[in-house]
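Please review the structure shown below together with this briefing.

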Amino acid sequence: MTDALKTEPNILRPDEVYARLVGLHEGLSDEESHRASAALVLLLANHIGDEAVIFAAIAAARRQLRPGT
Amino acid sequence: MANAPSIPVWKKLDAGPVPTTTRRHPVVVVGAGPVGLTVALDLARYGHPVVVLGKFDFIAAGSKAICFSKRTLDIWGRLGVARPMIDKGVIWNVGKVFWGDATEPVYQFDMLPVKNQQHPGFINLQQYYAEDLLLAALKECPGADIRFGHDVTGLRQQSGQVELDVASGGSAYTLAAEYVIACDGNKSRIRDLMRLDFDGRVFEENFLIADIKIEESRPLERWFWFDPPFNRGQSALLHKQPDNVWRLDFQLGWNVDRQACTDPAFVDPLVRGMLGPDIRYAPEWYSVYTFQCRRMKRFVHDRVIFAGDSAHLVSPFGARGCNGGVADADNLVWKLDLILRGEAPATLLETYNDEAITTADENILNSSRSTDFLTPKTPASRALRDAVLSLARHHPFARPFVNSGRLSTPVSYPQSPLVTADVPGETWAGVAPGSPALDAPLGSGWLLDRLGGRFVLLTNGYRGEWPPGVDLVDLADEGTGAALAIERFDLTPGAACLLRPDQYVAARWRRPTRGAIEAALSRARGLV
Ligand SMILES: Cc1cc2nc3c(=O)[nH]c(=O)nc-3n(C[C@H](O)[C@H](O)[C@H](O)COP(=O)(O)OP(=O)(O)OC[C@H]3O[C@@H](n4cnc5c(N)ncnc54)[C@H](O)[C@@H]3O)c2cc1C
């Protein structure tokens with residue numbers, strides 16, 4: 001499954017991208033932040049389109065919090 | 001049995017007399033709801049005598065199903081009752097989705113993806129009209145013995161038959177049947193008498209169903225609201241029925257006083273919130289509905305077979321309850337017909353069990369997912385839901401995520417043991433084995449009308465032989481009037497597909513042979 005998902009570095013300017021991700025939440029309430037994250041995930045998921053990649057990313061995101069689930 | 005005080009009567013029926021002689025019937029259908037009546041009508045049209053027992057001596061009014069799908073209409077069309085349903089029904093094609101305070105919809109959609117079919121994507125019709133029309137057709141059938149006011153109170157399965165105890169108008173009698181079809185609804189007495197399971201979950205969610213009459217005209221559209229100002233934090237639905245009746249559906253949440261919620265004083269502000277302060281309306285029927293998603297582990301229990309709400313229940317989102325039950329009837333009856341005629345082994349019923357459970361599981365899955373979208377259970381799922389809705393306004397990609405009910409569509413069974421897989425190496429577009437036939441214009445009529453309820457070899461100019469028990473419909477004879485049918489089944493010259501009596505594709509070949517057709521026919525009859 002994870003084969004479909006790129007986990008090697010793939011972004012040219014990580015600091016720039018990271019700052020933008022943090023910037024997304026600037027001035028937002030917790031609830032708005034939740035929604036902004038959700039919107040970002042949906043936009044990126046649609047852009048990727050490939051179910052295998054999306055499911056592998058979901059699994060990887062969950063695994064770092066709850067290994068084995 | 002007399003009227004049940006809590007159930008409103010739409011039409012009084014004559015109670016059937018208590019029979020004076022005892023004889024064994026091939027099939028007894030318990031329950032005269034839409035599913036029982038469809039089963040009985042289908043059986044009677046195949047020429048089988050059939051007894052129908054209905055607990056009440058009336059057709060109930062009140063709020064039940066209103067949305068009937070194209071597949072249901074195709075099935076009722078095969079039984080000759082679709083036309084009056086469509087004539088009476090309301091056809092709608094546009095759905096609008098609203099969110100929050102905005103008066104403009106987040107988006108709107110067009111319902112019918114496939115054009116050039118006889119029946120519309122959906123009609124709205126009060127369930128009592130559907131029951132009344134099914135009953136009228138059933139009464140025309142010579143073999144139908146319809147007994148209203150006959151309540152089944154006991155059941156015994158014995159060797160080769162089922163015995164039923166029936167109570168009617170103060171007297172009681174016993175009835176024997178080769179097969180009993182239990183279409184006795186969600187509180188199925190038969191299921192209880194047999195001590196059978198009914199697994200699943202009851203959602204902690206209540207809906208106020210307000211059917212009201214409005215004289216002023218409004219667009220024929222399905223409107224759905226997420227979190228509207230008149231029902232904060234909840235959802236709402238507006239849908240048209242015949243006779244200027246509209247269904248208003250308000251999500252209430254849990255822990256509500258169900259009695260208080262049907263008080264006109266409680267309902268009125270909701271109605272005015274949805275339709276405007278000056279709306280003039282008259283109440284038809286108010287009720288509170290708590291839904292469940294559950295099904296029996298098996299639908300076939302030797303000679304007792306469950307169909308409809310007795311076997312499975314879903315949430316109302318997607319209109320999958322009655323439509324799912326009619327699909328059961330469609331799947332079951334041709335198999336029972338072959339068994340009663342001795343043309344198929346009784347084990348063919350096992351494929352009803354498999355295929356109907358496949359349908360029920362798909363319906364339960366879809367309606368559970370709709371429920372999760374409608375009622376997010378956690379802050380994270382609410383954030384996702386709200387993100388979908390706010391993105392949907394400007395970004396088409398988000399609209400397919402919006403789930404206000406996935407409307408009932410027929411279920412395919414590519415894995416069914418009755419299906420013959422495509423010949424390796426052949427490539428196909430078109431309706432695949434295990435899927436229901438798609439209608440298309442044919443000459444001056446329609447393809448599905450020509451298929452009827454029998455095994456059909458649908459071909460584009462096959463000139464070879466075919467086995468008995470199969471009728472040929474050759475699209476090559478139709479000239480240009482069959483172009484769309486040929487395309488929808490991808491029938492190249494000489495190709496053919498075998499259709500089951502329920503109009504599902506069983507097999508197809510680019511180069512059919514008599515031997516291959518015969519093998520597929522045996523498979524579809526459960527003989528291999
Ligand atoms: C508010 C609401 C909205 C709905 N909307 C839709 C919709 O839009 N589309 C849709 O497809 N579905 C909808 N449904 C679901 C739909 O109404 C049911 O799925 C449908 O009625 C099931 O039909 P049935 O014949 O299996 O059972 P029922 O309609 O419940 O009929 C059961 C029959 O069995 C009889 N019976 C019971 N016990 C006995 C006994 N012991 N002896 C003899 N007879 C007995 C009863 O009298 C009755 O005639 C809705 C339901 C509700 C409540």
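This is a predicted model: local features need pLDDT of at least 70, side-chain atom pairs count only at pLDDT 80 or more; totals for chains, interfaces and linings use all residues.

Residues are numbered from 1 along each chain as its sequence is written, chains are lettered from A and ligands numbered from 1 in the order in which they are written, and side-chain values use heavy atoms, with hydrogens and water left out.

**The ligand and its surroundings**

- Around the ligand there are 32 residues, of which C67(B), Q127(B), D309(B), C322(B) and N323(B) come nearest; a residue is near if one of its heavy atoms lies within 4 Å.
- An oxygen atom of the ligand lies 2.9 Å from a polar backbone atom of C67(B), and a backbone N or O atom of V35(B) is 3.0 Å from an oxygen atom of the ligand.
- A backbone N or O atom of A319(B) is 3.3 Å from an oxygen atom of the ligand.
- The ligand has 1000 Å² of accessible area on its own, and the protein covers 89% of this area (Shrake-Rupley method, 1.4 Å probe).
- The shell around the ligand comprises 15 nonpolar, ten polar and seven charged residues.
- In chain B, α1 (34–45), β3 (50–54), β11 (151–158) and α8 (321–341) each supply at least two residues of this shell; helices (H or I, at least four residues) and strands (E, at least two) are DSSP runs, numbered from the N terminus.
- The largest share of the shell, three residues, comes from α8(B).

**A residue and a patch in chain A**

- L21(A) belongs to helix α1 (residues 14–23) of chain A.
- L21(A) has a relative accessible area of 42% and is therefore partly exposed, a class that lies between buried (under 20%) and exposed (over 50%).
- Together with I11(A) and V17(A), L21(A) forms a nonpolar patch on the surface with about 240 Å² of accessible area; the nonpolar side chains of such a patch are joined within 5 Å, and its residues have over 30% relative accessible area and no salt bridge (a side-chain nitrogen of Lys or Arg within 4 Å of a carboxyl oxygen of Asp or Glu).

**Two loop residues in chain B**

- Q234(B) is located in the loop between β15 (221–226) and β16 (235–241), and its relative accessibility of 19% makes Q234(B) buried.
- A437(B) sits in the loop between α10 (379–392) and β22 (441–442), and A437(B) is buried at 4% relative accessible area.
- A437(B) and P8(B) are 429 residues apart in sequence and 39 Å apart in space, C-alpha to C-alpha.

Notes
Patches are made of residues with over 30% relative accessible area and no salt bridge: like charges are joined within 9 Å, nonpolar side chains (Val, Leu, Ile, Met, Phe, Trp, Tyr) within 5 Å. Buried means under 20% relative accessible area, exposed over 50%, partly exposed in between (1.4 Å probe, protein chains only). A polar contact is a pair of N or O atoms within 3.5 Å; within protein, one must be able to donate a hydrogen and the other to accept it, and residues adjacent in sequence count only if both atoms are side-chain atoms. Ala, Val, Leu, Ile, Met, Phe, Trp, Tyr, Cys and Pro count as nonpolar, Asp, Glu, Lys and Arg as charged, and the others, Gly among them, as polar.
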